[in-house]
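The following briefing accompanies the structure shown below.

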Amino acid sequence: MEILLAIMTGVLYAAGTYMILRRSIVKLIIGIILFGNGVNLLIFLLGRITKGNPPIISPELKHFTDIYADPIPQALILTSIVISFGLQAFAIILVKRAYKVLKTDDLDMLNTLDEDS
Amino acid sequence: MSENIITYPLIVHLFFSIILMFFWNKVKVQKIVTIIGNFVALGVAIAVFIFTWKNGTHVVNAGNWEAPFGIVFVGDMLSATLILLTAIAGLSVSIFSVISIINARLRFGFFSVYHFLLLGLNGAFLTGDMFNLYVWFEIIIISSFVLISIGGEKNQLEGAVKYFTLNFFGSLIFLTALGVIYGLTGTLNMADVAVKIQQVDNQILIDVCAVLFLTAFAIKSAVFPLNFWLPASYHTPPSAVSAIFAGLLTKVGVYALIRMMTLIFPHDVFLMNVLLVLSVLTIISGSFGAIIQNNIRKVFSFLIICHIGFMIGGLGIFNVLALTGVIFYLIHDIIVKTNLFLIGGLIYRLKSTTNMKNIGGLYKSYPKISLLLLIVLFSLVGVPPLSGFWPKISLFLSSYSTENYWYLGALILGSFITLIVVAKIWSEVFWKNQPELKVSKRFIFFDKLYPIQKWQFVTPIVLLALFSLYIGFGAEHIQSLSERIAEDLYNSQNYIDAVLKP
């Protein structure tokens, strides 16, 4: 399971980076989304995966006696998913607006600022 | 209970940004409310500063969860100072934006988002938890995305795409680093991480983690190989917006670097060397970039990069003297860089362009304003006894005594080129005769404004210039404050003890 997730994380990072380096502005957004998912998976993986042992103990016990799943990475991932969801929504609107105004989706064409100075 | 005072700056900004949402279309009311809000924030910030000065580092546990488990807010001298500076810069920029930003922009909730930005900045300075720091960073960048793209002009959108991509990417790298450090230590509380990371055997993974943090914060603070987004985007939004960005956003990255370096990776020789090399390259690329530009606001953008290099290098030397210089420079830089972009806005209002080739004769037509701007520009260069001069003494001495001659050379070069750039601005903008101006009929020049509007343009610049003068002439106060902060940072055990209460 861990090795599969590790490979998956690597693939998502690589694919994300590749897409970010493409010239099309839409692929840029896709790249960022993939990269973000890779990060979430990495946090999940590094929080140590424990199967079938939720961190809930019976009322008699005062301490954890077994190895339980760590709830914090999941909380972190939840937060980061929500945040990146908001940012991605903004990104898509921004890109749509930029496409309408600049009339290009080629990132190499976004260089009018360098010329007018 | 009284230590709860360090959360008040957050509450004030949150409160006012919510209040402002109720006046969505009433721009006049918004203008009054935002200025009141910033005055209140300044008052609270002064109270926080005095409280911290008297009582030293103090900690608030959110929800009363004990330190390593819950989120903590830590008010030490560095945080309190930065909150005070944020409040001063925030107030000046809000006064400037009231007059300089057109109502069409303000109607889209500009001030509400502006308060959210200040909220995020204050939160980032206060938090003692790494994931919480990430969340504050997200609040900062999402507000800054809105501020940079509000209005939707062609230039702005182009700048916004670049700004957005790099900053979002930086956040993702930061998150990766967080994941790695959680995997290594099993905690996210900065003080707790600082203790536990010493017990980790795998030094290579720690170095990897350190470099990931460095990359993330280097993107935020525009350090050399990752700095190209800054000059490509900072001159596109209205001057008031770029002023707050220039003054505070890049400095948040520097603040985060200082925290990480002093607390979590202290005496990491590898990281120190990387920082020194990067600082030299940052100074060189920033200063040479500034020389060739003709657009005033672009020149200032490159100067931001150049001066970030000064601070990063001092951090790389990592002794008390160098840290004193870094902190002093940070204090000076926040005020001066905010003011520079406000000046850019004022020059635009005077001449309807910021291209140096088309401007001239400012000294002839506006001698008083020119003298005001002269103070700021000389503070930037560091002509003694103005504010930029004093921190450089500490930086020079420390780099000389630790034999970092490359950094020393870069410091001298950077200061010298800043001088050349300022001389160029002075001769082009102030002394040269006015060339033919292409004037659009709709543009309202500074002369045509009512006296009260003129004062609104000039007041924030005067305010910040006075503060710069205070930093220059009251340097011993700032120096003793910086020394105290540097001592605190260098002996991070105090911070750790305050948070973990052993």
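Helices, of type H or I with at least four residues, and strands, of type E with at least two, are taken as DSSP runs and numbered from the N terminus. With that assignment, residues 28–49 of chain A are 86% helix and 0% strand, and the end C-alpha atoms of this span are 31 Å apart. The model is predicted, and the predictor assigns the complex an ipTM of 0.92 and a pTM of 0.92.

**Chain A: fold and dimensions**

- Chain A contains four helices and zero strands, in the sequence pattern α-α-α-α.
- The radius of gyration of chain A is 21 Å, whereas the globule rule gives 13 Å for 117 residues; chain A is therefore more spread out than a compact globule.
- The C-alpha trace of chain A extends over about 70 × 25 × 20 Å along its principal axes.
- Buried residues make up 25% of the 117 residues of chain A.
- Among the contacts in chain A with a separation of 6 or more, 55% are between residues 24 or more positions apart.

**Annotated regions**

- In an unreviewed UniProt entry, the annotation "transmembrane region" is given for residues 6–21, 28–49 and 75–95 of chain A.
- In the model, residues 6–21 of chain A are 94% helix and 0% strand, with 23 Å between the end C-alpha atoms.
- For chain B, an unreviewed UniProt entry places "domain: NADH:quinone oxidoreductase/Mrp antiporter transmembrane" at residues 128–418.
- Residues 128–418 of chain B are 80% helix and 0% strand, and the end C-alpha atoms of the span lie 36 Å apart.

**Contact between the chains**

- In the interface, 31 residues of chain B are in contact with 29 residues of chain A.
- On the side of chain B that touches chain A, the elements giving two or more residues are α6 (130–149) and α7 (154–185) of chain B.
- The most is given by α7(B), with 18 residues.
- By residue class, this side of chain B comprises 15 nonpolar, twelve polar and four charged residues.

**Helix α18 of chain B**

- Helix α18 (residues 405–431) of chain B has 27 residues and should span 39 Å at 1.5 Å a residue; the 37 Å between its end C-alpha atoms agrees with this.
- The buried residues of α18(B) include Tyr407(B), Leu411(B), Ile417(B), Val421(B), Ile425(B) and Phe430(B).
- Packing partners of the buried residues of α18(B) are α12 (269–292), α13 (296–317), α14 (320–351), α15 (362–365), α16 (367–381) and α17 (389–401) of chain B.

**Backbone features of chain B**

- Pro384(B) and Pro385(B) are joined by a cis peptide bond with omega of about 5°; Pro385(B) is placed in the loop between α16 and α17 of chain B.
- Asn64(B), a residue other than glycine, has a positive phi near 60° and lies in the loop between β1 (58–61) and β2 (72–75) of chain B.
- Asn64(B) counts as exposed because it has 7 C-beta neighbours inside 10 Å.
- Phe318(B), although not a glycine, has a positive phi of about 55°; the residue is in the loop between α13 and α14 of chain B.
- Phe318(B) counts as buried because it has 23 C-beta neighbours inside 10 Å.

**Confidence**

- Chain B has a mean pLDDT of 88, and 100% of its residues reach 70 or more.

Technical notes:
Residues are numbered from 1 along each chain as its sequence is written. Chains are lettered from A and ligands numbered from 1 in the order in which they are written. This is a predicted model: local features need pLDDT of at least 70, side-chain atom pairs count only at pLDDT 80 or more; totals for chains, interfaces and linings use all residues. The radius of gyration is taken over C-alpha atoms; the globule rule is 2.2 Å times the number of residues to the power 0.38. A residue is buried if 20 or more other C-beta atoms lie within 10 Å of its own, exposed if 12 or fewer, and partly exposed in between; C-beta atoms are placed from the backbone. Two residues are in contact if their C-beta atoms, placed from the backbone, lie within 7 Å. The expected span of a helix is 1.5 Å times one less than its number of residues. Ala, Val, Leu, Ile, Met, Phe, Trp, Tyr, Cys and Pro count as nonpolar, Asp, Glu, Lys and Arg as charged, and the others, Gly among them, as polar. UniProt positions are given in the numbering used here, feature names are shortened, and annotations may be inferred rather than shown by experiment. pLDDT is the predictor's confidence in each residue, from 0 to 100.
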